[in-house]
Amino acid sequence: MATTAEGKAAVQKAKVFMVGAGGIGCELLKTLVMTGFHDIELIDLDTIDVSNLNRQFLFRKRHVGHSKAKVAREAAMSLCPSASIIAHHGSILQPEFDVSFFSRFSLVLNALDNLPARRHVNRMCLAAGVPLIDSGTTGFLGQVTVHVKGVTQCYECTPKQAPKSYPTCTITNTPSKPVHCIVWAKELPFVALFGSRDQAMDLHPPPSTTAATTAAPAAATSSAAATGDGHITNDAAAAAAPAPSDSHMVNGVGSTGKEGAEQEEKEKDGEKESEEDRRKMEAEAAATEKEEREFFMRREGESGRAFACRVFDRIFGDNVARTLKMDDMWKHRARPTPLYLKDVFPEGVDGGDEGKGGKEGGEGAVGVEKRVSAMVSLGLRDAQKVWNVQENAWVFLEAVRLFVEERAEELGSLSFDKDDQLAVEFVTAAANLRMHSFSIPQQSVFAAKGIAGNIVHAVATTNAIVAGLVVLQAVRLLEDESYSKEPRMVWCTEFPSQRKALLAPLEMDPPNTSCHVCSRTPLMLELNTHTATLGDVVEGVVRRQLSATQPMVMVGSGLVYEEGDDLEEDEVARYKTNLAKKLCDLPTPVSSGSVLTVEDYHQHFKCSIHIKHRDDIKEEEHPEKMILHGQLPAADTTATATDGEAGAEGGKAGEEEEDEDAVVVIEAGPDAAAAGAGAGAGETVVEKRKRRREEEEAADGKRVKVDVVEVLDE
């Protein structure tokens, strides 16, 4: 704590912004007010759930459903009534929490549990020049890091692990890990049965490839000839090559007269058959999709139990049996075993129910709240136990029955929620039944909930230790000005070190010169520019991996996408159209060596992305078929002739990389030039819009600030 009179005064005078009021946040707010911090604002988007009560000690059962931030404020005020604490129930990404808002604070303290929000706060602190203290825990492990602009690494200087995604083909056909089956259960059967029909993915495995390839030879020729990638097969080249007016090519040999006419007739018949096959396959696919959609709807007069039994045999029996027909898939894999109710309950479902412990409204399971629950109905008490096949089947059947009979009004709008006990039970049972079919180790409901909800189970003691370390760092930054020039990070370890210490302080590294945020070093993106769309890049890279909230994307100096309230209707329509276009078809085409500029005015974030075209990205390794790198490779001297100019531009970018203020610009095409025609002399559309926003912000700055204060006072 503060050791001098000046330090105590600095603490009392400091204005602190705390982001997050969960596990660490509750401990942090309590420790702040007890240390002497009296001017605090906090924000949290969430409401209190029953599962929070075991570690977020500022909350009680009566607070369930209420705002975390507001309840935490009330609890802290009871500890220190003289404190000034303002709570915001909302998202830190909202536009009112802009740079001018952040600049009001002496320190920003992060107690967040998600990557996009942490990145956003990092960028706002960099723009506002406010020190950021970030914290996190994982079980018995924890860390506290101090980020000072220009002195230490920013939060994004070191790569963070992105959420894992899995190819659809692995999830639906060839699972090999428990997580594959759990993701399948919550994204496919749960959505198909209880979620929106618009979101439901196909539970029906693809048909055997044998029938699908009957028309392939005829279709391959026309499709290869039609591709615009410059690669033509030998057969397609023969068909596309100019032929003498009185001859046709048959097996590479010229023929005339009757033979040529017969060959031409055969080709026409082949094309006709191919088109008929294609239409037939499309009709069959449409019929299958319709039948699948109708199958997962409860029929008139059908009981909940009968509906559950019908669905069970379909997804664990028929669908698995259908995948076995794809022989190529099982050459190097163990074949799964279809599972039907008659195999699980030889005496029948009704017979198997005899002697089942527990009735609805019975004692309930350990750790399971008494509400609509299959575990409670069946008397399964231990959430840590791994159920056997019969128990999983019973939980599945009972969960489906309870959903369709007790929660019928919610059907069609449900999405998986880790705090929905019945949803967790359904997903656990469905995943375990699938694991049984594919010989994968099964999981307890406790473990499955953690995997399904991406939960790392927290330890309250670790949260308290880390919160205390955050406050110590805050006090030292305020008390000792020299510490801000050489701050330290602190690790909390599970086992003592050789020095018998559980806390390990380390010096913070200086800013990473390769960081695309604080050093604005370019990134590189590998993808197929002939198949990837601008929408794929915006959603998969700009939003998901770069965490931009209101992105603007340029190709060279040509603007291809932007978001904002000040856009005209025709601009919104044009950018929406661009999202659906392949990168190579944009007004300023994207190819190897092209440079995308991504900017977010709200975050004061800007970075350049160099494009590298690749045809051979494996979906199994990279489901989104895009690879983002933090370092630019050496210039590719083997670029093709068509990419030569763009490759040269990429080379220039590498030469200028050391200059942080350098801007890489490539020649804009005629469409981009036309886009800026009306912008005024020497000013592009982007520059004009940026200038207009800056003028509006300057004019409205005082009013915006007053509005924020008024809202806070309320």
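1. C584 has a relative accessibility of 23% and therefore counts as partly exposed, since the buried class requires a value under 20%. This assignment, like the others in this note, rests on a predicted model.

2. C80 falls in another class: its relative accessibility is 10%, so C80 counts as buried.

3. On the question of cysteine pairing, the count of disulfides in the model is zero. The criterion applied is a pair of cysteine sulfur atoms within 2.5 Å. For reference, a disulfide is a covalent bond between the sulfur atoms of two cysteines.

4. Helix α2, spanning residues 23-35, packs with helix α3, spanning residues 68-79: their axes come within 10 Å and cross at roughly 30°. The two helices are therefore described as roughly parallel, because angles under 35 degrees fall in that class. The crossing of α2 and α3 is right-handed.

5. Helix α21 covers residues 534-543 and is mostly covered, with seven of its ten residues buried. The buried positions are L534, G535, V537, V538, G540, V541 and V542.

Note on methods
Residues are numbered from 1 along each chain as its sequence is written. This is a predicted model: local features need pLDDT of at least 70, side-chain atom pairs count only at pLDDT 80 or more; totals for chains, interfaces and linings use all residues. Side-chain values use heavy atoms; hydrogens and water are left out. Buried means under 20% relative accessible area, exposed over 50%, partly exposed in between (1.4 Å probe, protein chains only). Axes are lines fitted to C-alpha atoms, for helices over the stretch in contact, and angles run from 0 to 180 degrees between N-to-C directions. Helices (H or I, at least four residues) and strands (E, at least two) are DSSP runs, numbered from the N terminus. Angles under 35 degrees count as roughly parallel, over 145 as roughly antiparallel, 65 to 115 as roughly perpendicular and the rest as oblique. A crossing is left-handed if the near helix is turned anticlockwise from the far one by less than a right angle, and right-handed if clockwise.
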